[in-house]
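The sequence and the structure come first.

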Amino acid sequence: MRAALSILDAEHRGYATVLRALSRHLEVVRAQPAATNHDLLSTILGYADSFMERFHHPKEDEYLFRALRSRTDEADEALLALQHEHATGPAVLRSLREALARSRGGSPDDLDAFAGGLERYIAEQQAHMRTEATLVLPLATRALQASDWEAIERAFRGHTDPFFGAGPLGRSASFFSPRFGSAPLEEA
Ligand SMILES: [Fe+2]
Ligand SMILES: [Fe+2]
């Protein structure tokens, strides 16, 4: 159980760092629109899409949530809402990335639209993780059996977080750097 929980926790902590970086860059977008770092924002949103949407959320659905449902109905309502957010997440992220691409044209309205979408995205993702951390994981520690945890651990060990998993320590710090966007990912 401990190994599976620590992987889940590590992925949540990594994503919380990503969301803090996005908040920091959102402040720049609003306070100094001309200093908006489109490349960096695009890289960070690409990470959210490639890692959280393609690995983390589907594996929560398939292993953690499914096991929890089989052991208790206590979290059914919350799991339904979380799963709906998992299902709609890729489309939300796609439209956010499209809004970012449009804002490269220099229109203040397009940049405003992107900033509004980004603010909503950050708030929704933070609330989503809060529900998992305060309701789902504590219930899972009480309700799941050793065999459930083994399956969850196997599933979550099957992928690597490109920024926080096996990558070089401190990599996420580069998300906060204004120069990050101009550097190739491998050298960041
Ligand atoms: Fe989730
Ligand atoms: Fe999660």
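## Basis

This is a predicted model: local features need pLDDT of at least 70, side-chain atom pairs count only at pLDDT 80 or more, and totals for chains, interfaces and linings use all residues. Residues are numbered from 1 along each chain as its sequence is written, and chains are lettered from A and ligands numbered from 1 in the order in which they are written.

## Overall make-up

The chain has 5 helices and 0 strands, where helices (H or I, at least four residues) and strands (E, at least two) are DSSP runs numbered from the N terminus. From the N terminus on, the order is α-α-α-α-α.

Of the 188 residues, 25% count as buried, that is, with 20 or more other C-beta atoms within 10 Å of their own, C-beta atoms being placed from the backbone (12 or fewer is exposed, in between is partly exposed). Among contacts between residues at least 6 apart in sequence, 77% join residues at least 24 apart; a contact requires C-beta atoms, placed from the backbone, within 7 Å.

## Helix α2 against α3

The axes of α2 and α3 (residues 76-103) come within 10 Å and cross at roughly 160 degrees. Axes are lines fitted to C-alpha atoms, for helices over the stretch in contact, with angles from 0 to 180 degrees between N-to-C directions. The angle therefore makes α2 roughly antiparallel to α3 (under 35 degrees is roughly parallel, over 145 roughly antiparallel, 65 to 115 roughly perpendicular, the rest oblique).

The residues of this contact divide into 10 nonpolar, 6 polar and 7 charged. Nonpolar here covers Ala, Val, Leu, Ile, Met, Phe, Trp, Tyr, Cys and Pro, charged covers Asp, Glu, Lys and Arg, and the others, Gly among them, are polar.

## Helix α2 against α4

Helix α2 (residues 38-71) and helix α4 (residues 108-143) have axes that come within 10 Å and cross at roughly 55 degrees. At that angle α2 is oblique to α4.

On the α2 side, L64, L68 and R71 meet V136, L139, A140 and A143 of α4. This contact has 6 nonpolar, no polar and 1 charged residues.

## Nonpolar cores

A nonpolar core is a set of buried Ala, Val, Leu, Ile, Met, Phe, Trp, Tyr and Cys residues joined through C-beta atoms within 7 Å. The largest has 18 residues, of which V18 and I44 touch the most other members. Two or more residues come from each of α1 (2-31), α2 and α4, and α2 gives the most, with 7 residues.

A second, separate core has 15 residues, including L79, A140, L144 and W149.

Notes:
Two residues are in contact if their C-beta atoms, placed from the backbone, lie within 7 Å.
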